[in-house]
2 protein chains.
Amino acid sequence: MNRIPFTELHRALSQALVKLCFESSKADACARLFTETTCDGVYSHGVNRFPRFVAMVRSGTVDVKGEAERIGYFGALERWDGNRGVGNLNAQACMSRTIELARLHGIGCVSLRNTNHWMRGGSYGWQAVEAGLIGVCWTNTMPNLPPWGGIDASIGNNPLVIGVPRRNGHVVLDIAMSQFSYGALASHRSRGELLSVDGGFDTEGHLTRDPAAIEESQRPLPIGYWKGSGLAVMLDLIAATVSMGRATHEIANDPLKETAISQMFIAIHPAALGPQDQMEQIADEVVSSLHRCRPVSEDKPVRYPGEQTLLIRAENLKLGIPVDSEIWEQILAI
Amino acid sequence: MNRIPFTELHRALSQALVKLCFESSKADACARLFTETTCDGVYSHGVNRFPRFVAMVRSGTVDVKGEAERIGYFGALERWDGNRGVGNLNAQACMSRTIELARLHGIGCVSLRNTNHWMRGGSYGWQAVEAGLIGVCWTNTMPNLPPWGGIDASIGNNPLVIGVPRRNGHVVLDIAMSQFSYGALASHRSRGELLSVDGGFDTEGHLTRDPAAIEESQRPLPIGYWKGSGLAVMLDLIAATVSMGRATHEIANDPLKETAISQMFIAIHPAALGPQDQMEQIADEVVSSLHRCRPVSEDKPVRYPGEQTLLIRAENLKLGIPVDSEIWEQILAI
């Protein structure tokens, strides 16, 4: 494990992307998103995901020349086509446009079809709150989760991101609709650990904390059982119908071929209604009420969504960003 | 148990409300929402909730003269004050205004503060889809759920409703952020049944399916553990900051005094981007993909959110709406 300074990691990723025929400003922006994601501690969607992203660029699944373009609009609502371009750049462009719409209309919405994996969804929540707006966005995915009462993986784990701005620490939630990702199952298994709570069914249909048993059955659990299953269906329905794009059941069930997915971006500009100071105070008091809650473990105070991210970000900016040595070699070798 | 025809139940509830000093058109509209909720099988928030609602009207917690009024606006975003009026009528009025805004701007948003319990949240999702729009709404509640990692009930179970219109059967999800409500725990206990999945912690901090143990510990589970806990916090933060209303920690922790709560209503008008036929087809295919999924139990096909509601509604419209005899006597005696 190396600790790489932010600017060095950013430069290395950017140079790698230029070698993959990215135009230099796109290489810089895409590399920045990967670097920020890693710096925030979301290694699974940061550098650890970079080799798979490179493979998808090389296979042509991600079109480095593709740009998101607006194909329909009505007031504060727009429909964009991602032209199978770079997923994180498409998402960033659409949240950027959503923020503009919200500043004009109080609330704005962009639906995006035909795009690629956005990597860390939280990035676009942070983007909204850093602009001072409330941000909500979600994506559909390939079918990777059985609906409640079903055996086949016919719904997606459809990550949902919600951010609320706050001067004393933005509040940002980034959750997938499965209780554990396949990546989390694999890493628990390789460490020989059970899951902290039931994560799915074994092949006999019993709930289990054994990650290997769930990998075998291919039946991970939606969050809240029937509730998260329903929520995943709704997120898919909205993203696909508003964007007129693909729904989960039409997306290739292969991580290396998952493309032409659909996303939604919503921003709300509460400061337009003012007064902002009082809104900040309301948010601060919600955070304080969480911090006052008696913790189950004395040494683990209750945290608000995003609080941990800010701590990790500060540490990684100070000490350098942890990058697995093998991944670092792969990046430098591109 | 009686089976009361829709029109008879509606008339009885409306007459009761008139006796409680409701102006006649408000009595009619409020009674209709209670009747529809019961007809759709959500008895807990239909007639079974009516006696508690009556008590809150009599105590003055619900002000029958209070009307929701707009107190701020900017384009497609508005802030309303419920003036502690009738919760279901305030919510209906705000979703109605949200639909108007979405028809004008493509997307619309109304935040509502200082209102009362909206009874069945799903009502306002059905309202949006019956108008042909996508509807999203949520409410905060009194503190009734410990956040993940905490002992005290300092967050709300904050019901979230999402509806997508579809000619062949609207899709409507209505979920609270707790895995089971206290009402569900009590009814399981009284039937001597365990919960179908873990519903909370016992007093020793172990996950349990025993409803009585959770009632004793007062530690029900959020859906998806840390995930639903975070989602509940975000819903509260948005509702309270945009409406400049009360957050969960400021709401009286007593079902008979729970008032001045905050809500959010969002509607999206995808037909403005057209073509509607193709959007309908996309939604139909998502529903078909769920119906094709192999069920865990041969006799229980996978259902989409709201599918069961449509079946119960049809049955209750045909046979009459089941009303507990004791509740029916109470209604007639008002």
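Chain A is divided by its domain assignment into domain 1 (2–59 + 313–333) and domain 2 (69–178 + 222–272); such bounds come from an automatic or database domain assignment. The model is predicted: local features need pLDDT of at least 70 and side-chain atom pairs count only at pLDDT 80 or more, while totals for chains, interfaces and linings use all residues. Residues are numbered from 1 along each chain as its sequence is written, and chains are lettered from A and ligands numbered from 1 in the order in which they are written.

Taken over C-alpha atoms, the centres of domain 1 and domain 2 of chain A are 23 Å apart. Their contact involves 14 residues of domain 1 of chain A and 10 residues of domain 2 of chain A, where two residues are in contact if their C-beta atoms, placed from the backbone, lie within 7 Å. On the side of domain 1 of chain A that touches domain 2 of chain A, two or more residues each come from α2 (24–39) and α3 (50–59) of chain A. Helices are DSSP runs of H or I with at least four residues, numbered from the N terminus. The largest share of this side, seven residues, belongs to α2(A).

The second topic is how the two chains are arranged.
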